[in-house]
Amino acid sequence: MAGLLEDQISGIKHVSMVESNFLNEFVLKYGNNNSIKSEVIFTDNNFTSIFSFETVSGNLENALSNPQSIILTESESKRLFGDENPIGKALTLKGNNAFLGESQVEVKAVIQDFPKNSNFQFKAAVSFLTEKQMMPWLDQCIWTCSNVQNYVMLEKGQDPKILAALMSKQLRPLIPEKVKCEFSLLNYGDVYFSSIRDDFNHGNQKLIYTLGAIAFLILLIATINYINLSMAGSSKRLTEVGVK
């Protein structure tokens, strides 16, 4: 899908694939230290062009353009290396199951941890080229797996609805007929409260509306009670008013 978007659709500046389906299925090991379970995603070099990350050390530019490349969050870097400089250090990335494979990876950059209310919640980002080497069977499920999210950055002035209609027109003939699909673009600002299939952090908008309605009712009842009590006590203040 990402390849078709890049090659066939004008108006798209960047396309990035993110594989989050195996988020909690990998461990990282540094030297002879104990392995630590990590939250790992696989993505490509466009990921750091679409999203803004605060760099702690290293260089994000082209950090994920080559195989055996990894980006760590600051907290994960400290878990693995302590106060050592992690840039250029080698780690062993290993899946909990044999079919996920194993690979050596080199730390290219360290980024700040994400806020708790961020949609993205991962500890390490590994280049997609590494995943293809670790899991060669992925090439057999190009159109039958839904593990990957595609993020796109549009050129300035592009209308998402018009672009989605263009995708349907131009890409549908290039996709096998047995594959059922439809095209739409969701603003990333709406992802947090959406039902999009990923393994990241999401909020419950219905719960927020429910709690908000309860809070409003409590406030309304409190206001009515205050008015009733004030009116009931007003007769006691008639003498005070007369004296004044």
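At the start of helix H6, a side-chain oxygen of Asn 204 comes to within 3.1 Å of the backbone nitrogen of Lys 206. This is a predicted model, so that distance is a computed one. H6 itself runs over residues 205–232, 28 residues in total. From its first C-alpha to its last, H6 reaches 41 Å, close to the 40 Å expected at 1.5 Å a residue.

Next, helix H3, residues 74–81. Which of its residues are buried? They are Glu 76, Ser 77, Leu 80 and Phe 81. Seen down the axis of H3, the buried residues fall within an arc of 105°, so they line one face of the helix. In general, an α-helix has 3.6 residues a turn, so residues three or four places apart point the same way. The cover over the buried residues of H3 includes strands E2, E3, E6, E7 and E8. Just after H3 comes Gly 82, with a positive phi of about 65°.

Now the cores. The largest nonpolar core has 24 residues. Phe 26, Leu 28, Phe 42, Leu 72, Leu 91 and Leu 93 have the most contacts inside it. At least two residues each come from E2, E4, E6, H3, E7, E8, E9 and helix H4. E8 gives the most, with three residues.

Take Leu 28 as an example. Leaving aside neighbours within four places in sequence, Leu 28 is in contact with residues including Ile 36, Ile 70, Leu 72, Leu 80, Leu 91, Leu 93 and Ala 124.

Key:
Residues are numbered from 1 along each chain as its sequence is written. This is a predicted model: local features need pLDDT of at least 70, side-chain atom pairs count only at pLDDT 80 or more; totals for chains, interfaces and linings use all residues. Side-chain values use heavy atoms; hydrogens and water are left out. Buried means under 20% relative accessible area, exposed over 50%, partly exposed in between (1.4 Å probe, protein chains only). Helices (H or I, at least four residues) and strands (E, at least two) are DSSP runs, numbered from the N terminus. The arc is that of the directions from the helix axis to the C-beta atoms. Contact means heavy atoms within 4.5 Å. The expected span of a helix is 1.5 Å times one less than its number of residues. A polar contact is a pair of N or O atoms within 3.5 Å; within protein, one must be able to donate a hydrogen and the other to accept it, and residues adjacent in sequence count only if both atoms are side-chain atoms. A nonpolar core is a set of buried Ala, Val, Leu, Ile, Met, Phe, Trp, Tyr and Cys residues joined through side-chain atoms within 4.5 Å.
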